[in-house]
Structure formats: structure tokens, C-alpha cells
Amino acid sequence: TLFPYTTLFRSLPAPSMKLPRAGSTPVQDGLLARRSFLTLAAIAVASPTAPALASIANLRDEQFGYTLSYPDDWVPAPKPVKTHLSESLLQSPIRGVSLGVTVDPVKINSLTQFGTAEQVAARVLDTELTRDGVKDVFLRKVSAEEGEPPYYLIEYTVESSRGRKVYVCKYCIFNKRLYVLQAQAKQDTFDAKDEVGASVREALRAAVSSFRVLESPAGATAS
């Protein structure tokens, strides 16, 4: 499924960077230390003004309580076997570029009860390393949007047997529901120095920035 790590917030205790992992090897400890260093080194300052989308569509899901904007040439994608309370997928006409939103029940009321943005990022990267074919992960950015509810934003690269992908993600917990927006693109596309690369980066970051949970979910609509 698109979001294999959402169970982190349901099944794992709040992480502690000081606790050793039982049965870890020197290699594993080295990897953890490197990822922890990358996490701390990537703490972001206040985010700049969100990029604007030239032509947008809006998704407003009243039933599960969220809204976001995305390029109007993106289309709904077929859903995999249902593994979440709610899952919405959108695909760009550019191959390998897409985004999805999942909603799942959790037992906590806020991301801050689980940990800081940096701690959540470390958990996400550790979990990505357990996926089939994944060789390494690289943290690119991590930041937090203060407020009620707070949001965590994590951007990272996954190197696997299927190539390299960049993931731009936004997390929120509200009313004991975990919301995850995950946008993705092939790294060659995302980091390209041409107009296509610039438009992909702008579109994904703008869509992620636009994502918000609603205070009073009721039904579901999209426009």
C-alpha cells in the first residue's frame, strides 16, 4: 500500500533517541547514528511562503475531514486493496508523480504526544528501510507547523531496487485520526534543473502546503 508506515502511530510508543535497540548490531547502530545525525542536521527554519498552483482543483472530504488543492490536470487513481479507514489517490500526467491521502484511527490526540518532528522523521526513515528492495534512505527536510492541530512535514529520498524516489509528506493527528499526505516523484524528475523539474517541485510542495484538516467532518465532497 502507498503508506506502509502509518501503523507507527498506532503500534509504537513515543520514540526516545537515547534508548538502545535490543539485539542491534554494530552496523545497525552505525546506520541509526547516521540517520539520527541527518535528522538533527536537517531541522528546518520557518517555511517560506507556499508556492502557488497556476490552475488548481480542490478536494474537500467532509466525511473524513480534510481539504487540499492540486493541479487540475491530475486524475483520481485506482485504489489498492483497502488497508485504511480512508484513502484517496491522485496521479499527475507526468509518469511517476502522484499524491495520496490516508486517514486512520489512532489512540492519541496530537502528533506532539508521539514525539517531535525530528523523532517522527527518524521513525519514518527506519520503517522505510524495512521495505522490500529498499537499500537506503536520505532525509532532505523536516519541519513543524505550529498551531492547533500541529503538522509535521518530512521530505526524504528512498533508494531501492526500483530506483530513487523523493517523498514529500505532511502528517497531522486530530480527533484521534492520523492524516498522512504523501506526494512522490522519481528523483531524476523532482531534482531536474529544467522547467519540468521546477513545475513538479512547485506542484507537490504547493499541494502538501495546502493540506488541512477540517474541524467538523460530516459528509464527503470533491470539486
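**The whole chain**

Begin with the entire chain displayed. Among contacts (heavy atoms within 4.5 Å) between residues at least 6 apart in sequence, 60% join residues at least 24 apart. This is a predicted model, in which local features need pLDDT of at least 70 and side-chain atom pairs count only at pLDDT 80 or more, while totals for chains, interfaces and linings use all residues. Residues are numbered from 1 along each chain as its sequence is written, and side-chain values use heavy atoms, with hydrogens and water left out.

Now switch to a cartoon view. The chain has six helices and 11 strands; these are DSSP runs numbered from the N terminus, with helices being H or I of at least four residues and strands being E of at least two. Of the 223 residues, 48% count as buried. Buried means under 20% relative accessible area, exposed means over 50%, and partly exposed lies in between (1.4 Å probe, protein chains only). The accessible surface of the chain comes to about 11,400 Å², and 55% of it belongs to carbon and sulfur atoms. Such areas come from the Shrake-Rupley method with a 1.4 Å probe, and for residues only the protein chains shown count as cover.

**Salt bridges**

How many salt bridges does the structure hold? It holds eight, a salt bridge being a side-chain nitrogen of Lys or Arg within 4 Å of a carboxyl oxygen of Asp or Glu.

Select Glu-128 and Arg-131. Their side chains meet in a salt bridge of 2.8 Å, N to O. Glu-128 counts as buried because its relative accessibility is 0%, whereas Arg-131, at 26%, is partly exposed.

Next, select Arg-140 and Glu-155, whose side chains form a salt bridge of 3.3 Å, N to O. This pair links distant parts of the chain: Arg-140 belongs to strand 6 (residues 134–145) and Glu-155 to strand 7 (residues 151–160), 15 residues apart. Is Glu-155 buried or exposed? With a relative accessible area of 6%, Glu-155 is buried; Arg-140, at 27%, counts as partly exposed.

Then select Glu-145 and Arg-212, where the salt bridge is 3.4 Å, N to O. Glu-145 lies in strand 6 and Arg-212 in strand 10 (residues 212–213), so the pair ties together parts that are 67 residues apart in sequence. Glu-145 counts as buried at 19% relative accessibility, and Arg-212 counts as partly exposed at 32%.

Arg-205 is located in helix 6 (residues 195–210) and is partly exposed, at 26% relative accessibility. Although Arg-205 and Glu-155 are 50 residues apart along the chain, their C-alpha atoms are separated by 9.8 Å.

**Val-158 and its surroundings**

Select Val-158 in strand 7. Val-158 counts as buried because its relative accessibility is 5%. Which residues does Val-158 touch, not counting residues up to four places away in sequence? Its contacts are Glu-128, Val-134, Asp-136, Val-137, Gly-163, Arg-164, Lys-165 and Tyr-167. Val-158 and Glu-128 are 30 residues apart in sequence, and 7.7 Å apart in space from C-alpha to C-alpha.

**A positive patch**

From that list, move to Lys-165, which is in strand 8 (residues 163–174) and is partly exposed at 31% relative accessibility. Select Arg-95, Arg-162 and Lys-186 as well: with Lys-165 they form a positive surface patch. Patches are made of residues with over 30% relative accessible area and no salt bridge, with like charges joined within 9 Å and nonpolar side chains (Val, Leu, Ile, Met, Phe, Trp, Tyr) within 5 Å. Lys and Arg count as positive and Asp and Glu as negative, while His and the chain ends are not counted. The place of a charge is taken as NZ of Lys, CZ of Arg, CG of Asp or CD of Glu.

**Backbone details in two loops**

Finally, display the backbone atoms. Most residues other than glycine have a negative phi, and most peptide bonds are trans. Between strand 6 and strand 7, find the loop that holds Pro-149. A cis peptide bond joins Glu-148 and Pro-149, with omega about 5°.

In the loop between strand 8 and strand 9 (177–186), select Asn-175. Its phi is positive, near 50°. Lys-176 lies in the loop between strand 8 and strand 9 too, and its phi is near 60°, also a positive value. Lys-176 is partly exposed, with a relative accessible area of 42%.
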